[in-house]
Amino acid sequence: ASSNRLNAMRPGWAVLGCLLSNVVAARASAAAADGGGGIGEWLEKVTFTLPYISLPGPVIDVQGGNCTGLSIDQIHTRSIGSPELPAVEYFWTGLRIHCSVLSHNGVIVRFGMKDTRVKLGVEVQPLSTKDPHISLPMGAVSVTACDAVGKLEYLDFAGDNVLSPMLENIHHDLRTIIEKEGPSIGCNLMKNYVSKQASQVFEEQAKYLIPFLGAQPPTAKPPAIATLTDWAEYPPVQVMKHMIRERPLALKTLLSQASPMDVPQFTAPSEQIIRTDYGSIKVITLVNFVHIEGLETLRDRSLSLNGTGSNLDFTAAFEHVIVTIGMTVAVDFLSGPVKAAAPLKESLNFTLDMSKISMALEVLAMVSKEALDALYVDQYQQPRCISNCAKKATLPWNESLGVWKLVSDMTPTISIGFKPGTLEEKLASSIDLTTAAAISGFEPAVQALIDGAVQMRREQLSEAMWKSIDSLPPCGPSSVYLGPGDLITYGLMTLGLGTLSVGLLCAFVNAFFPDGQNVMSRAVLKFSRRSLAPDEKYGTALADHPVVPQGALILYPCVGVSAIILFLYADISLATSINFVFHANGQTLTIGPALAFSVVIVAIDSYEAGAYLIAFCIGVMSIMWPFVKLAALLLAWQAPEHVLSFKHRSKLLVLMDEYGKWSLIDTWLGILALACYKLAWHSKESDAWFMVDPVPEMPFFMFVFASVLTLALGHIASGFHRLALEHDNGDNEVQYDVKQRAAPRMLHTYLGPNVGLGLLAGLVATIIMLIIGANVTSFQMVESGALSTLMLDGPDAVTQYSLRSLGEAMTKGKEHDVGLRMVQVIFFIFSLLIPVALQAFLLILVFAPLSYKRHLLVFDICRALDAWAAFDVFAMALTISHFEFGIFSTFLMRYNNLAHGCNLSLEYLHDECFHMECSLTAGYVVLGAAAALSYIVPKLAFPACRVALEERGGLDFRESSRFSDDTESDDEFGNSCASVDG
């Protein structure tokens with residue numbers, strides 16, 4: 001009777017065994033319901049449909065039923081096997097469940113179990129494969145131990161069967177017997193069930209995985225429909241190959257900066273439907289992040305890159321790398337014994353801990369050479385642009401990119417992480433220990449499966465890769481500034497140079513033909529107001545004065561208009577570009593412009609960067625001031641005296657001469673910037689090299705040319721203004737002693753002795769300081785950032801300069817560049833030769849015995865040299881560079897053509913891709929002092945010399961009848977007249 005009663009309750013323990021088996025099999029994919037409290041709450045709401053279960057002994061089989069309210073308090077797992085024979089022991093405590101079961105004889109059994117403890121030992125036999133050295137931990141499964149202890153929370157019987165009332169009458173006895181003898185029966189059932197089901201699962205999985213072992217790449221690549229890029233010859237790849245080989249410490253430094261690294265994920269959700277004999281489950285996985293630690297453990301000289309045809313080969317080895325993948329998993333039970341109220345969703349972290357890892361990765365990269373070469377530098381940084389080049393290379397297009405072969409060697413440890421203290425964490429720990437026990441001793445099999453998965457899952461991997469790529473922003477047109485367009489660019493340059501040519505042609509014709517002897521001279525006379533009667537009341541314009549040659553009537557305004565057009569052309573066109581130049585195996589590839597500048601763009605970028613001094617110098621002094629000066633010069637040339645009086649014209653011309661040279665500050669800043677961006681690396685083993693190459697374009701040279709034209713126009717106007725003054729005051733010459741003026745005298749005799757000695761000391765000291773200041777190391781360019789780390793050793797990242805060495809470095813490596821040679825010559829002339837010459841001519845003016853006319857000539861030469869001397873302009877440009885080049889450099893890297901790549905460098909390497917600072921050295925004090933002297937000493941010398949010249953020449957020009965009715969200060973006018981250039 002007791003045996004019959006016990007058999008009547010076998011369905012309960014059988015159900016428990018089935019449920020625990022399902023939990024063991026499903027816990028890796030279980031997740032919490034949306035908005036719920038985790039897997040514990042989800043388990044309580046899940047309904048398990050029970051299948052038919054045939055029990056041994058008397059025929060009391062489970063025809064069906066369902067269970068719900070499953071909960072587990074604690075889960076413990078430990079390995080009890082060996083590397084050759086995996087075995088795991090599971091220990092569950094605090095199990096609780098509610099079930100309703102229908103027996104075949106019509107008895108309905110409702111029961112609940114609580115405080116149940118189950119200990120289960122499972123052992124897996126190795127499975128031999130076709131490779132005698134590789135076996136899989138996926139053979140026959142056997143339950144080696146089972147122990148269960150539980151309590152019935154309640155037990156009810158129902159149904160029309162005659163046994164139901166009888167079972168109710170012996171309810172108490174049944175509970176006692178079940179709690180005492182039921183666990184052993186449940187364990188026996190569980191052993192058979194787990195062994196059978198797990199062995200079947202492993203058998204099916206082994207059939208799927210065994211083909212992975214030894215899988216090889218396809219024998220043929222997809223057919224190409226375009227000329228492919230040969231990575232064995234592609235200069236950037238070959239340069240990187242040699243750079244990685246020759247600079248391993250630099251690579252390790254960069255990887256150390258990158259560790260830990262959070263890799264961005266652009267993957268779309270991956271959906272998979274798993275179909276088994278027990279139903280279908282849809283699993284949606286989305287990778288949220290990939291966190292990598294241990295990149296700094298890169299083994300010395302283990303990293304390599306090479307290209308072979310259409311394949312790129314990478315190798316690397318690390319001592320210890322940890323990869324954590326954060327993902328969101330959604331599970332929807334479509335059919336089968338498990339039913340949930342809603343799809344399941346949970347976030348988890350999958351961690352792969354790898355020691356002694358090495359890998360060789362071969363990537364198929366069939367890329368159209370024509371399409372790749374057509375990309376601009378900003379498009380090189382966009383994955384969709386590169387993938388578009390690949391899509392144009394093969395047919396079908398989606399076989400052009402992919403992992404071709406993977407060979408790895410590692411000792412992996414796998415773990416799954418959930419929120420600490422939760423049931424999920426306990427389940428994850430159980431899975432981790434089970435996985436560790438399973439793969440311990442089977443590392444060759446794991447590595448072979450990973451390597452083979454690349455081949456067997458090639459189609460799925462390719463599909464996932466293209467989905468990820470296509471989810472990125474599309475490849476748009478390049479935003480690299482190339483100017484306003486060829487039509488406007490060449491049109492402005494042609495118009496500017498054409499206007500200048502017309503003026504020169506007119507001047508040439510009129511130089512060889514007297515007035516009225518040719519059509520052009522007659523046209524000039526007709527154009528000139530000189531052909532009209534001069535206004536007796538107001539006088540004539542400077543252009544109409546008799547001292548002005550006929551050819552200058554057209555030449556001067558033509559040069560002025562030409563300079564205006566050329567400045568406009570230089571301001572808006574691409575003035576300077578910085579290119580990346582790669583050279584290897586006799587081939588050179590230029591990618592650029594990496595950075596592109598026009599004068600206007602630099603002014604705008606400087607302002608947006610917060611480099612306000614640079615923005616002011618370029619925006620005001622280099623953009624606005626040249627147009628203002630040219631307009632003022634044309635006004636002084638063409639305006640009649642009732643519009644611009646003689647005296648105001650004099651002041652205007654002095655002002656233009658005094659400050660005209662400051663438009664060169666943009667050119668000087670540009671020369672300093674060219675020195676900053678000269679970054680290069682040359683291989684010591686081959687002819688491979690890489691260079692960041694700043695290239696001045698034609699607008700840069702035209703800006704310098706227009707600046708020189710503008711300075712020349714100022715001096716021409718000043719010279720004719722002085723000649724006009726002398727012409728109009730010709731009658732006063734009779735007041736002077738001609739012999740006294742012709743006699744050679746030293747001008748310092750008209751000065752006080754202290755003034756003469758002061759000028760001598762000041763001028764000599766200025767010459768000495770200028771020469772020393774130009775040769776002493778006064779500043780240094782300090783380069784930093786990822787690119788500098790990769791290419792340069794510490795001392796090479798700092799380059800020291802003097803003014804002279806800066807000018808010499810301008811043409812280094814480009815000795816045959818005529819444009820740069822011209823800029824170099826202008827730089828030395830304006831910044832060094834003219835300042836020194838100015839002091840020398842002032843010494844001649846003061847201390848050389850000269851006639852009065854020679855004194856005036858030398859005085860005018862000094863005024864001209866002072867207007868062109870730009871040593872102080874260079875010092876100002878250097879000072880501004882010190883304060884703001886770093887600010888401007890940061891802005892360029894983050895917001896210009898390299899923004900995408902440089903922002904990635906900042907995010908993952910925690911460093912700018914390239915940064916530049918202009919630092920001043922102790923020699924700057926000498927240069928600054930020389931600049932101050934070169935500006936101050938002439939300004940003190942000119943008034944003294946003017947006074948001396950007036951004393952020697954007598955009344956000079958102050959007796960001019962033209963100004964006899966002028967009530968303003970004669971001294972002021974005299975100073976203005978004396979300050980103009982001849």
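Student: Which residues meet where α18 packs with α21?

Tutor: S622, K629, L630, L633 and W637 in α18 meet F703, T710, L711, L713, G714 and F720 in α21; a contact is heavy atoms within 4.5 Å. By class, seven of these residues are nonpolar, three polar and one charged (nonpolar: Ala, Val, Leu, Ile, Met, Phe, Trp, Tyr, Cys and Pro; charged: Asp, Glu, Lys and Arg; polar: the others, Gly among them). Remember that this is a predicted model, in which local features need pLDDT of at least 70, side-chain atom pairs count only at pLDDT 80 or more, and totals for chains, interfaces and linings use all residues. Residues are numbered from 1 along each chain as its sequence is written, and side-chain values use heavy atoms, without hydrogens and water.

Student: How do you know whether α18 is roughly parallel or roughly antiparallel to α21?

Tutor: Helices here are DSSP runs of H or I, at least four residues, and strands are runs of E, at least two. The axes, lines fitted to C-alpha atoms over the stretch in contact with angles from 0 to 180 degrees between N-to-C directions, come within 10 Å and cross at roughly 30°. Under 35 degrees counts as roughly parallel, over 145 as roughly antiparallel, 65 to 115 as roughly perpendicular and the rest as oblique, so α18 is roughly parallel to α21.

Student: What makes C67 and C99 a disulfide?

Tutor: The rule asks for two cysteine sulfur atoms within 2.5 Å. Their S to S distance is 1.9 Å, so the pair qualifies. C67 lies in strand β2 and C99 in strand β4, 32 residues apart. By this rule the count is four disulfides.
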